[in-house]
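Please consult the sequence and the structure shown here while reading.

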Amino acid sequence: MRLRKPGPLHRRLVWWLLAYLAMISVAVFSVGNYVHEHAEHSAWRALLNSELDSIINHVEHEPHYRWQDSDTLRLFTIDDDPALPAVLRTLHPGLHDGVVINDRSAAVMVRDTATQGRLALALDINDFHELEEFATRWVMLAGVVMIIVTVLMASIGVSRVVQPLRSLARHIHDLRPGVPGQRVEVDPRGSSELYVIADALNDYLRRNEQFVERERVFISTASHELRTPIAVITGASELALEQPDVPERARQQMQRVHRSAQGVEQLIQLLLVLAREPARLAALKERIALDALLPEIVEDHRHLLGDKDLHIEMQPLPALDIIAPLGVVQAAIGNLLRNAIENSGRGTISLSLSDRAVVTLQDPGLGMSPEEIAAVYARMARGDRGEGDGIGLELIARLCEHLGWGLTIESSEPRGTRVILDLGASLPPS
């Protein structure tokens with residue numbers, strides 16, 4: 001399952017800030033609205049209670065006192081007033097806010113009195129509510145504008161802060177394996193933490209270059225030093241095999257020495273190839289007739305069949321040329337063929353070549369389970385050397401990576417293993 005790629009850091013910061021501002025705005029608006037409603041009710045309660053106290057006091061001490069309604073205050077006697085709005089008859093004693101009387105909003109204080117019965121003093125707050133709604137709309141609009149402006153400014157600021165980190169990530173992404181002298185640079189606007197990261201990474205790159213160079217020099221030097229004694233062994237064994245009076249037992253041993261020397265020579269050549277840079281390796285490439293080379297490789301390895309009931313069968317080979325180092329192609333295909341022979345007891349090893357330079361080897365061995373194939377790939381990735389691998393599948397895998405080839409190992413039905421070597425990267429340009 002492919003994991004979803006995470007989004008940019010600056011976008012995640014902006015979204016987090018937007019969510020934070022939204023929560024803070026909702027919390028502030030809710031608290032402010034609660035405080036406003038509480039203060040409003042306290043104000044209406046205090047005003048209407050004070051006015052009712054004044055009215056009741058005047059009625060009790062001034063027999064001729066008559067209340068006169070104003071534009072904003074109206075007094076109702078709930079028990080005796082036939083013109084009383086129906087909504088007031090259902091109100092219990094206390095403050096009631098938002099009561100609609102004659103299509104206008106009012107705050108009503110209802111009180112039971114000993115002499116006047118139940119009184120209701122209504123304060124017209126319709127204009128106040130309209131002003132309150134107007135102010136609320138503007139406050140909400142101002143809040144939205146504040147959030148938008150804050151997010152825009154934060155986006156610009158975060159982008160400027162994250163830009164050096166983005167630049168460093170781009171430098172790291174552009175690093176290429178095998179290219180010497182690579183270094184990452186920090187934007188001048190970067191923070192001290194980025195300089196610490198860059199310095200640590202540059203130090204790692206320097207140490208890695210030194211390690212790779214030491215390994216390359218060692219492999220190259222050791223390989224060159226080994227070529228002379230191997231050449232001497234090969235020449236001496238060839239000279240000995242040319243002698244007609246060599247006993248058969250000694251001849252067999254000399255043939256074994258000669259084959260081992262050739263195998264070591266191939267190994268040295270592979271090590272030299274891996275020690276070279278790809279650009280220097282290109283100088284060793286030559287045009288190879290692959291359809292003519294494959295039978296030669298088969299004949300060179302036919303002696304490994306020994307007394308096994310095993311045969312090598314080549315499918316019809318199309319005429320095909322590739323451009324690659326000859327010794328490397330011989331060693332790679334020869335090693336895969338050697339492995340097929342060593343891991344098979346009886347039957348037929350099939351070798352085929354496609355017109356896209358794909359060499360397929362299928363052996364009649366016991367085959368491999370998916371777990372075993374996965375273990376082989378893991379071993380090749382680690383560079384571990386396995387028993388019975390000849391020159392080593394790990395070296396072949398590294399060669400394929402070096403030259404852009406492909407190596408695939410899979411189980412075939414009903415038994416056996418199929419190895420596919422894709423040399424398509426070495427096809428000449430059309």
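## Overall composition

What percentage of the 430 residues in the protein do buried residues make up? They make up 32%, where buried means under 20% relative accessible area, exposed over 50% and partly exposed in between, with a 1.4 Å probe and protein chains only. The model is a predicted one, in which local features need pLDDT of at least 70 and side-chain atom pairs count only at pLDDT 80 or more, while totals for chains, interfaces and linings use all residues. Residues are numbered from 1 along each chain as its sequence is written, and side-chain values use heavy atoms, with hydrogens and water left out.

The protein has ten helices and eleven strands; these are DSSP runs, numbered from the N terminus, with helices (H or I) of at least four residues and strands (E) of at least two. Of the contacts (heavy atoms within 4.5 Å) between residues at least 6 apart in sequence, 63% join residues at least 24 apart.

## Helices α3 and α4

Helix α3 (residues 126–173) packs with helix α4 (residues 192–241) at an angle of about 10°, and their axes are 11 Å apart. Axes are lines fitted to C-alpha atoms, for helices over the stretch in contact, and angles run from 0 to 180 degrees between N-to-C directions. The two helices, α3 and α4, are therefore roughly parallel to each other, a term for angles under 35 degrees. Pro164, Leu165, Leu168 and Ile172 in α3 meet Leu194, Ile197, Ala198 and Leu201 in α4. By class, the residues of this contact are eight nonpolar, no polar and no charged; Ala, Val, Leu, Ile, Met, Phe, Trp, Tyr, Cys and Pro count as nonpolar, Asp, Glu, Lys and Arg as charged, and the others, Gly among them, as polar.

The loop between α3 and α4 contains aspartate 187, which is buried at a relative accessible area of 15%. Apart from neighbours within four places in sequence, aspartate 187 is in contact with Pro164 and Tyr195.

## The loop between β2 and β3

Asparagine 102 is found in the loop between β2 (94–101) and β3 (104–113). Although asparagine 102 is not a glycine, its phi is positive, at about 50°. Asparagine 102 counts as exposed, at 59% relative accessibility.

Aspartate 103 also has its place in the loop between β2 and β3. Its phi is near 65°, a positive value in a residue other than glycine. Aspartate 103 is exposed, with a relative accessible area of 73%.

Notes. Angles under 35 degrees count as roughly parallel, over 145 as roughly antiparallel, 65 to 115 as roughly perpendicular and the rest as oblique.
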